Amino acid sequence: MKTLSGIKFKIMVRAFRIRIKNGEAFEDIAADYPALTTDDLEAIKEALNTN
């Protein structure tokens, strides 16, 4: 179950995508956002893999 709203989810996916493109690891980025749940992180990872 996702806990992020639609717009917040899109913003987070974009932030992760930009930071990964700049050479950061997914786990390091996730550590900067402690409010994200495991479900949020799984949804973000899935969105990154499908785009």
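Biologist: Among contacts in the protein chain between residues at least 6 apart in sequence, what percentage join residues at least 24 apart?

Modeller: This is a predicted model, in which local features need pLDDT of at least 70, side-chain atom pairs count only at pLDDT 80 or more, and totals for chains, interfaces and linings use all residues. Residues are numbered from 1 along each chain as its sequence is written, and side-chain values use heavy atoms, with hydrogens and water left out. A contact means heavy atoms within 4.5 Å. Of the contacts between residues at least 6 apart in sequence, the share that joins residues at least 24 apart is 52%.

Biologist: In which helix is confidence lowest?

Modeller: The predictor's confidence in each residue, pLDDT, runs from 0 to 100, and the protein chain averages 91, with 92% of the residues scoring at least 70. Helix α2 (residues 26-31) has the highest confidence, at 97. With a mean of 93, the lowest confidence belongs to helix α3 (residues 38-50).

Biologist: What pattern does the protein chain follow along the sequence?

Modeller: Helices (H or I, at least four residues) and strands (E, at least two) are DSSP runs, numbered from the N terminus. The protein chain contains three helices and zero strands. Its pattern along the sequence is therefore written, under the DSSP run assignment, as α-α-α.

Biologist: What radius of gyration does the protein chain have?

Modeller: The radius of gyration is taken over C-alpha atoms, and the globule rule is 2.2 Å times the number of residues to the power 0.38. The C-alpha trace spans about 30 × 25 × 15 Å along its principal axes. For 51 residues, a compact globule would have a radius near 10 Å; the chain agrees with this, at 10 Å.

Biologist: What percentage of the 51 residues count as buried?

Modeller: Buried means under 20% relative accessible area, exposed over 50%, and partly exposed in between (1.4 Å probe, protein chains only). By this criterion, the buried share of the 51 residues is 29%.

Biologist: How far apart are the mean positions of the positive and negative charges of the protein chain?

Modeller: Lys and Arg count as positive and Asp and Glu as negative, while His and the chain ends are not counted. Each charge is placed at NZ of Lys, CZ of Arg, CG of Asp or CD of Glu. For the 8 positive and 8 negative charges, the mean positions are separated by 10 Å.

Biologist: Is Met-12 buried or exposed?

Modeller: Met-12 belongs to helix α1 (residues 6-21). Leaving out residues up to four places away in sequence, Met-12 touches Leu-4, Tyr-33, Leu-36 and Ile-44. Ile-44 is 32 residues from Met-12 in sequence, with 7.4 Å between their C-alpha atoms. Because its relative accessibility is 12%, Met-12 counts as buried.

Biologist: Which residues does Glu-24 touch, not counting residues up to four places away in sequence?

Modeller: Glu-24 sits in the loop between α1 and α2, and its relative accessibility of 32% makes Glu-24 partly exposed. The C-alpha atoms of Glu-24 and Val-13 are 14 Å apart. Beyond four places in sequence, the residues touched by Glu-24 are Arg-19 and Ile-29.

Biologist: What relative accessibility does Arg-19 have?

Modeller: Arg-19 lies in helix α1. Again leaving out residues up to four places away, Arg-19 touches Glu-24, Ile-29, Asp-32 and Tyr-33. Arg-19 counts as buried, at a relative accessibility of 17%.
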